[in-house]
Amino acid sequence: MDKIRIGIVGYGNIGKGVEKAIARNEDMELAAVFTRRDPASVKIETKTAAVKSMDDMKAMKGEVDVMILCGGSATDLPVMGPQIAADFNTIDSFDTHARIPEYFANVDQAAKAGENVSIISVGWDPGMFSLNRLYAESILVQGSTYTFWGRGVSQGHSDAIRRIEGVKNAIQYTVPIEDAVNRVRSGSEPSLTTREKHLRECYVVPEEGADLKAIEEAIKTMPNYFDEYDTTVTFITEEELKENHSQMPHGGFVIRTGETGTEGSRHVIEYSLKLDSNPEFTASVLVAYARAAYRLSKKGESGARTVFDIAPVLLSMKTPEEQRAELL
Ligand code: NDP
């Protein structure tokens, strides 16, 4: 069997997770890792693949079936997505929800011109959560959908705390409020404010002699990040941070409740994720969708797609016959 040859573009948390996921998928192999840093400074686990400079990517046309783009959503992907889609099939985890329509249009244009398939915004949110929102809404046409995140680390909120004067290091957990989740599960379709749905827990390592009261105040009143939430701030040492907070867990729930029939029968649909490692899980979703991109490209398709456009049959290593016999 010819293996699907994968290129990893950007070797951060997600990039490393993709490398581990490829090792668990026997129909795939890692062709190369591409980085903007000095390739000699980036060490990977796979013995059979090389680390290459981004400038050497075009020369590998024909040697890579799908590029998995692992750069950041804020500034990397808006540039890299369309650029690389012009030359390769691509998958990415672009997660700036408000900018997805614009990003889709840019990638679509490049992918069509290059006759490649690009599946954007793959992961868990956007990604698996999006699919579950769509399935649930399509079935329970009258009802309400709720998404809760956590307990998990929010990279953006952790970064925002680290930028405050007197903060040496910090980590922020988003925590769903149990009472709100239970009210939603009861089917009462409550209208919940931002503050009623999630808490924010912050663990902060202060610089020596820093004003702790001022740091706490700066966090709790930070607009767009913390001011609309109940927030707790706990000061800890660098050692405690390393020991107790160096994992990247995450997860959450998509819940839809609604009614059917003339008597108003009530139903609850729930999809839940509890992830030890957000990047490893996200990477595993990316790799499954890389298989779909490869298959669509082989059929001669081109252009941008999202998870909504991809038939489940394309994701699995199993044949359609095996899927029907074992999973249907
Ligand atoms: P990272 O910050 O770990 O990596 C981003 C890029 O930083 C890498 O690709 C790498 O590119 C570069 N980089 C520069 N210096 C270093 C260094 N010293 N060590 C590691 N990387 C370095 O981000 P993540 O991998 O955690 O996340 C990437 C994106 O994935 C996020 O922006 C987020 O939007 C998205 N995401 C989406 C999810 C979803 O469900 N859809 C879930 C989780 C994340 P290079 O090698 O070229 O230097």
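The buried residues of helix H4 pack against strand E7 (142-149), strand E12 (250-260), strand E13 (265-275) and helix H10 (278-298); contact here means heavy atoms within 4.5 Å. The model is predicted, so that local features need pLDDT of at least 70 and side-chain atom pairs count only at pLDDT 80 or more, whereas totals for chains, interfaces and linings use all residues. Residues are numbered from 1 along each chain as its sequence is written, and side-chain values use heavy atoms, with hydrogens and water left out. Helices (H or I, at least four residues) and strands (E, at least two) are DSSP runs, numbered from the N terminus.

The buried residues of H4 are Met 128, Phe 129, Ser 130, Leu 131, Asn 132, Arg 133 and Ala 136. Buried denotes under 20% relative accessible area, exposed over 50%, and partly exposed in between (1.4 Å probe, protein chains only). Leu 134, also found in helix H4, is partly exposed, because its relative accessible area is 37%.

Leu 134 belongs to a nonpolar surface patch with Tyr 135, Ile 139, Ile 269 and Phe 308, and together these residues have about 470 Å² of accessible area. Helix H4 (residues 128-139) gives the most to this patch, namely three residues. Accessible areas come from the Shrake-Rupley method with a 1.4 Å probe, and for residues only the protein chains shown count as cover.

Key
Patches are made of residues with over 30% relative accessible area and no salt bridge: like charges are joined within 9 Å, nonpolar side chains (Val, Leu, Ile, Met, Phe, Trp, Tyr) within 5 Å. A salt bridge is a side-chain nitrogen of Lys or Arg within 4 Å of a carboxyl oxygen of Asp or Glu.
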